[in-house]
Amino acid sequence: MALFMNIVGLPALVDTYENYIWVIHNNQQAWVVDPGEARPVIDYLQQNDLQLAGILITHKHGDHVNGINQLVTQCATVGDLPIYGSALTPLAAINHPLQEGDAITLGDSLTLKVLYTPGHTEDHIAFYNEKMLFCGDTLFTAGCGRILGGSIEQFSDSVLKLRELPDDIAFYCGHEYTQTNLAFSQIVEPENQALLERIQNTHIDYPQILTAAQSTLGEEKATNPFMRFDLNPLKKRLIERGAANNPASLFATLRAWKDDFDRTH
Ligand SMILES: [Zn+2]
């Protein structure tokens with residue numbers, strides 16, 4: 001029996017990192033993506049009479065993994081709760097280490113494939129299928145993660161890899177930084193009409209629970225400068241700021257521009 005999967009975004013660490021923990025459930029079993037804290041997940045599972053069936057981890061940072069132990073202690077009904085994560089993530093709790101090309105099946109109805117997407121960190125993976133993408137801190141709505149362990153070459157490669165996926169894929173990322181990301185996007189690509197429309201149509205109610213995807217990959221390709229760094233006119237602008245004409249240098253120049261923006265806003 002193929003049960004329909006619901007996907008809900010639980011705000012977590014709302015006063016600091018503004019995370020989303022994604023809960024994938026079929027009204028009985030639930031899998032959680034990147035539980036940076038346990039409390040919002042435990043409350044949601046109890047309120048909705050859901051049983052924790054597994055945990056998915058995109059990368060090693062505390063705001064994505066610190067809730068694991070409490071969830072295992074308080075919610076796991078099976079002895080060996082599957083905890084999926086990158087084979088490169090240094091976390092003893094991960095009992096299903098994954099690498100690119102692996103696939104996991106949640107319940108009997110949802111298969112997700114693994115993409116290796118290093119750059120934000122060296123261990124980062126994304127989970128995806130033809131309908132959805134959980135990209136952790138590799139990409140955000142209208143932005144991307146900072147470089148905290150991976151290399152710039154890895155990061156631009158990872159983004160270009162994600163750009164190969166279809167436009168209509170639902171986009172689920174790890175944080176709610178849309179407003180500042182859009183403000184920066186408008187500075188670097190003021191002539192982008194799709195971006196202007198997105199800015200006009202964006203209303204963020206964080207920390208409300210999300211019952212829909214944050215975006216689509218197509219919308220990100222059209223408006224997120226970190227998916228457009230090698231396209232004119234942005235590319236030309238980055239070269240004027242000192243980038244060499246290759247993906248890593250263009251990406252690095254854009255990332256440094258955003259870091260400057262973050263320091264002054
Ligand atoms: Zn992170």
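What follows is a set of questions about the terms, with answers.

Modeller: This is a predicted model, in which local features need pLDDT of at least 70, side-chain atom pairs count only at pLDDT 80 or more, and totals for chains, interfaces and linings use all residues. Residues are numbered from 1 along each chain as its sequence is written, and side-chain values use heavy atoms, with hydrogens and water left out.

Colleague: Why is H59 called buried?

Modeller: Buried means under 20% relative accessible area, while exposed means over 50% and partly exposed lies in between (1.4 Å probe, protein chains only). H59 has 0% relative accessibility, so H59 counts as buried.

Colleague: Why does H61 count as buried?

Modeller: The relative accessibility of H61 is 19%, and therefore H61 counts as buried. H61 is found in the loop between β4 and α2. Helices (H or I, at least four residues) and strands (E, at least two) are DSSP runs, numbered from the N terminus.

Colleague: What does H59 touch?

Modeller: Contact means heavy atoms within 4.5 Å. Not counting residues up to four places away in sequence, H59 touches D34, H64, V65, T89, H120, T121, D123, H124 and D137.

Colleague: What joins the side chains of H59 and T58?

Modeller: A polar contact is a pair of N or O atoms within 3.5 Å; within protein, one must be able to donate a hydrogen and the other to accept it, and residues adjacent in sequence count only if both atoms are side-chain atoms. The side chains of H59 and T58 are joined by a polar contact of 2.9 Å.

Colleague: Which residues does UniProt list for "binding site" together with H175?

Modeller: The unreviewed UniProt entry lists D63, H64, D137 and H175 under that name. They are spread over 113 residues of sequence but cluster in space, with a largest C-alpha distance of 10.6 Å. UniProt positions are given in the numbering used here, feature names are shortened, and annotations may be inferred rather than shown by experiment.

Colleague: Why are D63 and H175 called buried?

Modeller: D63 is at 11% relative accessibility and so counts as buried. H175 has a relative accessible area of 3%, so H175 is buried. D63 is placed in helix α2, and H175 lies in the loop between β13 and α5. Leaving aside neighbours within four places in sequence, the contacts of D63 include D137 and H175.

Colleague: How many bridges pair β8 with β9?

Modeller: Two strands pair if DSSP finds at least two bridges between them. Strand β8 (residues 110-116) and β9 pair in the antiparallel sense over 4 bridges. On β9, V114 stands opposite F127. Strands β9 and β10 also run antiparallel, joined by 2 bridges, and a hairpin of 3 residues connects them. The bridge partner of F127 in β10 is F134.

Colleague: What makes both faces of β9 covered?

Modeller: I125 and F127 on one side and A126 and Y128 on the other are all buried.

Colleague: Which residues touch the most other members of the largest nonpolar core?

Modeller: A nonpolar core is a set of buried Ala, Val, Leu, Ile, Met, Phe, Trp, Tyr and Cys residues joined through side-chain atoms within 4.5 Å. Of its 32 residues, L133, L139, L165, F229, L238, F251 and L254 touch the most other members. The largest share of this core, 6 residues, is from α9.
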